[in-house]
Amino acid sequence: MKKVLITGANGQLGCCLKEAVKAYPEIEFQFLDKYTLDITDASQVASFFKQTRFDYCINTAAYTNVEKAESDKENAFLVNAEGVKNIANACKDHRIILMHISTDYVFDGTQKTPYLETDLPNPINVYGASKRKGEHYIETICEQYFIIRTSWLYSQFGHNFLKSIIRFAKEKKELTITTEQLGTPTNANDLALVLLKIILLDLKEYGMYHFSNSGEATWFDFAKSIIDYSGDSQKVNVVKTDYYPTFAKRPTYSVLNTRKIENLLNFNAAPWQISLKNVIRKL
């Protein structure tokens, strides 16, 4: 029986994985949150991995507050880079296949076509830089790894754009949402299934991959669809703005090319609108 460790168990992807693994009784899963395994503590990580054998480690633990990271650089790098380094070293020492989640924010957003895995990263904010350094550690330390970059992640769990818009819709009659950035909203439940399929198929094509739902959207498009699909379009007006002030710089274009992982797993990523409807039904 394969044994899989999942870190960051209380984050939204960790929660989606908890739901998804119910369909995989042939695999043993262990979920740990930051209180049961602090990935930033190198000695704790090393000690834990010595005690228990795993075939895979899915690292979903991350510092994800893009705005706060600008003034909290030390902690962003501690979790997203040094913590990842600790996990990578442990996986190398114990011959564990590492599956790590990264982000579209490793790119600067200057392209006009979807980013390939081979395109040069050039992060423009602290969050993106910390995630890129984590990627670099894995690429340098590990031989058996899957790094999967994703974008605009949301789900029925945790704090995310979807749940914020639904909450704001109940409180306000008008929402002003930016059209500045173009990306792809991605259902974390779909990402969870991709990770589990890689394990189930015992794939060895290690390396960098991109996964998102298909299509492109601005944050305005995403918000408008959330309001429409949740049946609140009569209650709240969603207004476009070309500029919305943020502390952190954001890539203006961060659509990911997902052809590589679709070919690997022989599937087509669902359109973001369809996947969004599925999550809203769950809510």
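**Ground rules.** I number residues from 1 along each chain as its sequence is written. In this predicted model I need pLDDT of at least 70 for local features and 80 or more for side-chain atom pairs, while totals for chains, interfaces and linings use all residues, and side-chain values rest on heavy atoms, with hydrogens and water left out.

**Cores.** I looked up the nonpolar cores, meaning sets of buried Ala, Val, Leu, Ile, Met, Phe, Trp, Tyr and Cys residues joined through side-chain atoms within 4.5 Å. Buried is under 20% relative accessible area, exposed is over 50%, and partly exposed lies in between (1.4 Å probe, protein chains only). The largest core has 56 residues, and Phe49 and Leu98 touch the most other members. Helix α4 (residues 73-93) gives this core its largest share, nine residues; helices (H or I, at least four residues) and strands (E, at least two) are DSSP runs numbered from the N terminus. A second, separate core holds 32 residues, including Ala192, Leu195, Ile199 and Leu264.

I listed contacts (heavy atoms within 4.5 Å). His100 sits in strand β4 (residues 97-103) and is buried at 1% relative accessible area. With the sequence limit of four places applied, the contacts of His100 include Asn59, Val84, Lys131 and Ile148.

**Cysteines.** I found zero disulfides, a disulfide being a pair of cysteine sulfur atoms within 2.5 Å. For Cys15, the nearest cysteine sulfur is that of Cys16, 7.1 Å away; Cys15 is buried at 17%. Cys91 is buried at 1%, and its sulfur lies 4.5 Å from that of Cys57, too far for a bond.

**Second largest pocket.** I noted a volume of about 170 Å³, the space filled by probe spheres set on grid points that are joined across faces, edges and corners. A pocket here is an open set of points on a 1 Å grid over the protein atoms alone, where a 1.4 Å probe fits, with protein on both sides within 12 Å along at least five of seven lines; lining residues have an atom within 4 Å of a point. Cys91 is in the lining, as are Arg95, Ile141 and Glu143.

**Positive phi.** Asp202, not a glycine, has a phi of about 55°; Asp202 is in the loop between α7 (188-200) and β10 (207-210) and is partly exposed at 36%. Asn266 also has a positive phi of about 55°, but is exposed at 70%.
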